[in-house]
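Reader: I am new to this structure. Please take me through its aromatic rings, step by step.

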Amino acid sequence: MKDANELRRALAQYNNGTGQYHRHGLVRSVIATDGAKFFFENAGHGAYWLFDIMATETKKTVETRSFAKVIVKSNGKNAVVDTEDGNGNVLKTKRIDITDCPEGEWPFFMVNDGDYQVILLPTEY
């Protein structure tokens, strides 16, 4: 993606569910929707680092709470990844020192459906 606006326009097409789920390469119980996968592939030169963080760190929160909201706040050079409880309470913050993730706030939901922890865009919920 070239910039944040282009990425936002492309993500807008992902709504009302997903056509397919995509497993994390190492943490097989974590799956991403089409929209989340599109973000991981197209945010800057790729944001699979976010998929990894969510699969290894956010997963623990979702297992105990069943839901988390993850917000990536990027200035295009570095970022902060906040994990919230869904009511605006920050449970965990992780700083990313170097990234080319487009500038802006990028929200995701992560839900526990029993067997899997599913990462999705809010529009896919």
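Author: Start with a term: a residue is buried if its relative accessible area is under 20%. This is a predicted model.

Reader: How many aromatic pairs does a search of the whole structure find?
Author: The search finds 10 aromatic pairs. In one of them, the ring centres of F39 and F108 are 5.0 Å apart and the planes stand at 75°.

Reader: What makes F39 and F108 a pair, and of which kind?
Author: Centres must lie within 6.5 Å, and planes over 60 degrees apart count as edge-to-face. The values are 5.0 Å and 75°, so the pair is edge-to-face.

Reader: Which parts does the pair of F39 and F108 tie together?
Author: F39 lies in helix α2, residues 34–42, and F108 in strand β6, residues 104–112. The pair therefore ties together parts 69 residues apart in sequence. F39 is buried, at 0% relative accessible area. F108 is buried too, at 0%.

Reader: Why is the pair of F40 and F108 called stacked?
Author: Planes under 30 degrees apart count as stacked. Here the planes are at 20° and the centres 6.0 Å apart, so the pair is stacked. F40 lies in helix α2 and F108 in strand β6, so this pair links parts 68 residues apart in sequence.

Reader: Which residues do ring pairs link into a cluster?
Author: The cluster holds F39, F40, Y48, F51, W106 and F108.

Reader: How do you know that the charged end of R8 sits over the ring of W106?
Author: The distance cut-off is within 6 Å of the ring centre, with an angle condition as well. The charged end of R8 is 4.1 Å from the centre of the W106 ring and sits over that ring.

Methods. Residues are numbered from 1 along each chain as its sequence is written. This is a predicted model: local features need pLDDT of at least 70, side-chain atom pairs count only at pLDDT 80 or more; totals for chains, interfaces and linings use all residues. Side-chain values use heavy atoms; hydrogens and water are left out. Helices (H or I, at least four residues) and strands (E, at least two) are DSSP runs, numbered from the N terminus. Buried means under 20% relative accessible area, exposed over 50%, partly exposed in between (1.4 Å probe, protein chains only). A charge sits over a ring if NZ of Lys or CZ of Arg is within 6 Å of the ring centre and within 35 degrees of the ring normal.
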